[in-house]
Amino acid sequence: QAQFAASGGGSVQPGGSLRLSCTSSGFDLDYYNIGWFRQAPGKAREGVACISENGGSTYYSNSVKGRFTISKNDARNTLYLQMDNLKPEDSASYHCAAGDRNYRDLCQDVWGPIDYWGRGTQVAVSS
């Protein structure tokens, strides 16, 4: 059974850093465009960072550009999100997702078709 699960969340103070990981089993990441999404209570789902299947192109939402970095290790079937200079508004449940759609479209059309949606990890930023 294919699975996709995020880990690495936690509680940090504003300005802190976290590194999220998402490992797939049952399917290979290098066949998909993949990305990170977040969902907070009362807020719309947001595609924060996506990467193309060959790893050569990335997309970041304006809210995280310059602070978050997406990367992947195909040999380990693992997707990463390095989050620096965290702000309270970054608090949310973070999920990874994989799909056939263009990586930019994957992030911008958050309710479009997704092949795999991962179990989330919670991030809380507060002083």
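Predicted model: local features only at pLDDT ≥ 70, side-chain atom pairs only at ≥ 80, totals over all residues.
Residues are numbered from 1 along each chain as its sequence is written, and side-chain values use heavy atoms, with hydrogens and water left out.

Colleague: In what order do the elements of the protein chain run from the N terminus on?
Modeller: The elements are DSSP runs numbered from the N terminus, a helix (H or I) needing at least four residues and a strand (E) at least two. The protein chain has one helix and 11 strands. From the N terminus on, the order is β-β-β-β-β-β-β-β-β-α-β-β.

Colleague: What radius of gyration does the protein chain have, against that of a compact globule?
Modeller: The C-alpha atoms fill a box of roughly 40 × 25 × 25 Å along the principal axes. The radius of gyration is taken over C-alpha atoms, and the globule rule is 2.2 Å times the number of residues to the power 0.38. For 127 residues a compact globule would have a value near 14 Å, and the protein chain agrees with this, at 13 Å.

Colleague: What percentage of the residues of the protein chain count as buried?
Modeller: Buried means under 20% relative accessible area, exposed means over 50%, and partly exposed lies in between, with a 1.4 Å probe and protein chains only. Of the 127 residues of the protein chain, the part that counts as buried is 46%.

Colleague: Is Ser 24 buried or exposed?
Modeller: Ser 24 is found in strand E3, residues 18–25. Contact means heavy atoms within 4.5 Å, and, not counting residues up to four places away in sequence, Ser 24 touches Gln 3, Phe 4, Leu 29 and Asn 77. Because its relative accessibility is 6%, Ser 24 counts as buried.

Colleague: Which residue has its backbone oxygen 3.1 Å from a polar atom of the side chain of Ser 24?
Modeller: A polar contact is a pair of N or O atoms within 3.5 Å; within protein, one must be able to donate a hydrogen and the other to accept it, and residues adjacent in sequence count only if both atoms are side-chain atoms. The backbone oxygen that lies 3.1 Å from a polar atom of the Ser 24 side chain belongs to Phe 27.

Colleague: With which side chain does that of Asp 28 make a polar contact of 3.3 Å?
Modeller: Asp 28 lies in the loop between E3 and strand E4 (33–39) and, at 37% relative accessibility, counts as partly exposed. Its C-alpha atom is 9.3 Å from that of Thr 78, although the two are 50 residues apart in sequence. The side chain joined to that of Asp 28 by a polar contact of 3.3 Å is that of Asn 77.

Colleague: What is the phi of Asn 77?
Modeller: Asn 77 lies in the loop between strand E7 (68–73) and strand E8 (78–83), and its relative accessibility of 14% makes it count as buried. Its phi is positive in a residue other than glycine, with a value near 50°.

Colleague: Which relative accessible area does Asn 85 have?
Modeller: Asn 85 lies in the loop between E8 and strand E9 (92–99). This residue has a positive phi of about 50° although it is not a glycine. Asn 85 is partly exposed, its relative accessible area being 42%.

Colleague: Which side chain makes a polar contact with the side chain of Ser 61?
Modeller: Ser 61 lies in the loop between strand E6 (58–60) and E7, where it counts as buried at 5% relative accessibility. Leaving aside its neighbours within four places in sequence, Ser 61 is in contact with Glu 46, Gly 47 and Val 48. The polar contact of its side chain, at 3.1 Å, is with the side chain of Glu 46.

Colleague: What relative accessible area does Ile 70 have?
Modeller: Ile 70 is found in strand E7. Leaving aside residues up to four places away in sequence, Ile 70 touches several residues, including Trp 36, Cys 50, Tyr 60 and Tyr 80. Ile 70 is buried, with a relative accessible area of 5%.
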